[in-house]
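I opened this notebook to record what I looked up in one structure. The entries follow in the order in which I made them.

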Amino acid sequence: MFRGFNYPFGEHVLYTDNSPLISVPLKWINKLGINTRGYTTYIFDLFALLQLILSSVLCCMILRRITDNPLLIIVFSITLPLLNPQILRFVPGGTLNLSFSFILLLPIYFMLKVYENLIEAKRYVWHILILAAITYLSFLIHVYYLLILSVWIGSFYVLLTGYLIHQKRKFISFAISAIGSLLAAGALFYITVTFTDPYLTERNETALGYNHAPWKLQFSSLFTAYHFLKTKFLFSYTKYIPYEAHVYLGGFVLYLIAVLLIIKTVIGNSFFQSLRLDEHGNQRNFVLLLLASTVAPLLIAFGPEYYFGENNDYVFSNYYSLFYHIELNTKKITHFRCLGRFAWPLFWALNIGAIYLITLLLKNRNRWFAAIVIVLVYFNCKDARNAYEFIRTSQVANPFRLQTAELADVKKIIHKDYGVQYQAIVPLPYYHVGSESLDYSVDAEKMHFVKSLAFAYNTGLPLMSSTMSRTSVAQAKQMYSLINNDRANDTLLALLNSKPLLFYIDGSYYPDSTLYGSFDLPIQQKTFYNSRKLVSDFSMPKVAESGNIELYQLNITSLRKGKLKTSFLVPNN
């Protein structure tokens with residue numbers, strides 16, 4: 001359980017965008033007496049950077065089995081990890097655990113091993129089990145990986161089974177072991193969540209934002225370079241593309257396609273007739289299977305409905321998407337709403353396929369074509385350099401260190417004894433978001449969230465607020481009772497201990513409510529104005545003050561009695 005938000009309930013780690021595969025070992029290290037507090041964000045950032053090296057190593061291992069050209073192996077092992085779509089996660093505030101490209105490269109390597117061993121009549125079971133283990137463990141980095149890998153690897157297995165049938169080779173034992181191991185990984189994930197999540201039955205079956213356009217793949221993004229790349233494709237989309245919807249295939253692939261189309265138009269098929277495909281049958285078939293296996297996740301990435309036209313006048317009902325049919329039977333699939341992520345495998349398959357094709361074409365020993373390849377490789381390296389600069393300049397100050405001018409007031413007001421004297425912090429203006437219910441969702445203004453979180457981190461106290469997703473609606477309802485009701489919910493009160501609560505109040509927002517944001521929903525306005533009067537409603541004594549930030553104490557006895565007067569008459573729940 002994660003205890004930093006939503007106190008006193010806490011939250012299952014799966015719903016926090018946390019990475020237990022990293023955070024749990026860090027906790028063990030701390031229990032051994034090695035204090036990593038204050039350095040955890042640096043450790044995680046370092047891991048995010050080091051995984052790029054791991055991705056390069058995996059890239060090299062894969063490309064060595066696809067091409068015998070050492071220059072292509074070296075160049076693309078370095079550049080592709082810097083140009084893959086997950087690199088966008090390095091934007092300030094990005095979800096860094098979704099930047100781990102090695103999680104997509106590991107399956108490619110082991111799918112290649114399964115294919116090679118199967119064709120050569122060698123043992124492949126261990127590699128199938130490793131793929132199942134990778135799929136299961138990937139959710140401990142981020143749960144989206146599990147579904148992306150499941151669809152992708154499952155598609156590969158189905159296609160490989162079809163290939164074996166076409167070749168009139170034995171396929172039954174492979175199909176059973178391959179598909180069975182993947183289903184076992186999914187079942188183990190389901191069992192893990194079911195038996196470790198105490199709030200599973202309290203969560204909404206349907207998630208907000210499914211089929212939301214900015215979270216689905218935009219077709220134009222496939223040929224539109226990222227904002228930090230200086231080399232653009234021949235044509236591109238001029239409007240803003242949200243990073244969840246942006247999967248650029250890369251200038252190398254796109255310009256190679258353009259060059260080959262020109263060659264075919266000018267020279268004809270004679271340039272391609274000398275390709276020695278039979279000499280590279282195994283690599284060719286694997287590349288084709290890999291490319292075909294990305295079709296199913298790609299169709300998911302476009303969403304169940306894809307709108308197009310000047311004013312979205314037309315809609316394509318995507319019956320080809322697996323999620324379209326799953327949604328007809330269960331709305332739980334809507335919790336995987338950032339569908340654009342399912343297009344990530346396409347980048348790797350196309351670039352690996354392009355490198356394989358380049359290898360064959362270079363064997364023709366056409367000097368002019370070799371010169372074209374050198375130019376393409378040069379611009380690919382240039383793009384990688386731009387991506388490196390993007391990562392290097394994307395760093396932001398760690399708010400937990402309290403070193404910026406904006407956090408000066410927070411730094412002055414922190415006292416080392418707060419973690420012992422109080423049980424939790426209530427930030428005002430109050431925010432609590434994550435239940436997927438608009439009736440109980442108030443987003444935090446960005447700087448207010450950063451300051452209150454930095455204050456909580458440095459005092460060691462949990463927050464009685466939330467900025468998560470897919471959390472319990474019932475718990476959110478009880479948390480808002482603390483602000484909006486005459487008296488807090490009995491269930492909430494029963495979970496609190498005898499220590500007082502510490503109210504963290506940023507008064508800069510109250511004179512002008514527009515500084516906090518627009519009130520589009522009744523709960524937002526009600527909560528904002530009720531939180532403004534909460535100090536007087538409970539006659540709280542002031543603990544400390546620094547600039548616009550004030551700290552107040554609320555004894556649990558007073559909280560149990562209820563407000564002295566009510567700002568809004570809201571019935572108890």
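Before the first entry I set down a definition: buried means under 20% relative accessible area, exposed means over 50%, and partly exposed lies in between.

Entry on one residue. I noted that the model is predicted. I looked up Phe219 and found a relative accessible area of 48%, so Phe219 counts as partly exposed. I located Phe219 in the loop between helix H7 (172-196) and helix H8 (251-266). Setting aside neighbours within four places in sequence, I found Phe219 in contact with Phe302 and Tyr306. I then checked the C-alpha atoms of Phe219 and Tyr306, which are 9.7 Å apart in space, although 87 residues separate the two in sequence.

Entry on the whole chain. I counted 22 helices and eight strands. I recorded that the C-alpha trace spans about 90 × 60 × 50 Å along its principal axes.

Entry on surface and charge. I listed 49 positive and 33 negative side chains, with the centres of the two sets 8 Å apart.

Entry on confidence. I found a mean pLDDT of 88, with 97% of the residues at 70 or more. I marked residues 566-573, where the pLDDT is below 50.

Definitions and conventions: Residues numbered from 1 in each chain as written. Predicted model: local features only at pLDDT ≥ 70, side-chain atom pairs only at ≥ 80, totals over all residues. Heavy atoms only, no water. Helix = DSSP H or I, 4+ residues; strand = E, 2+ residues; numbered from the N terminus. Lys, Arg positive; Asp, Glu negative; His and termini not counted. Charge placed at Lys NZ, Arg CZ, Asp CG, Glu CD. pLDDT = per-residue confidence, 0-100. Contact = heavy atoms within 4.5 Å. Buried < 20%, exposed > 50% of the residue type's maximum accessible area, 1.4 Å probe, protein only.
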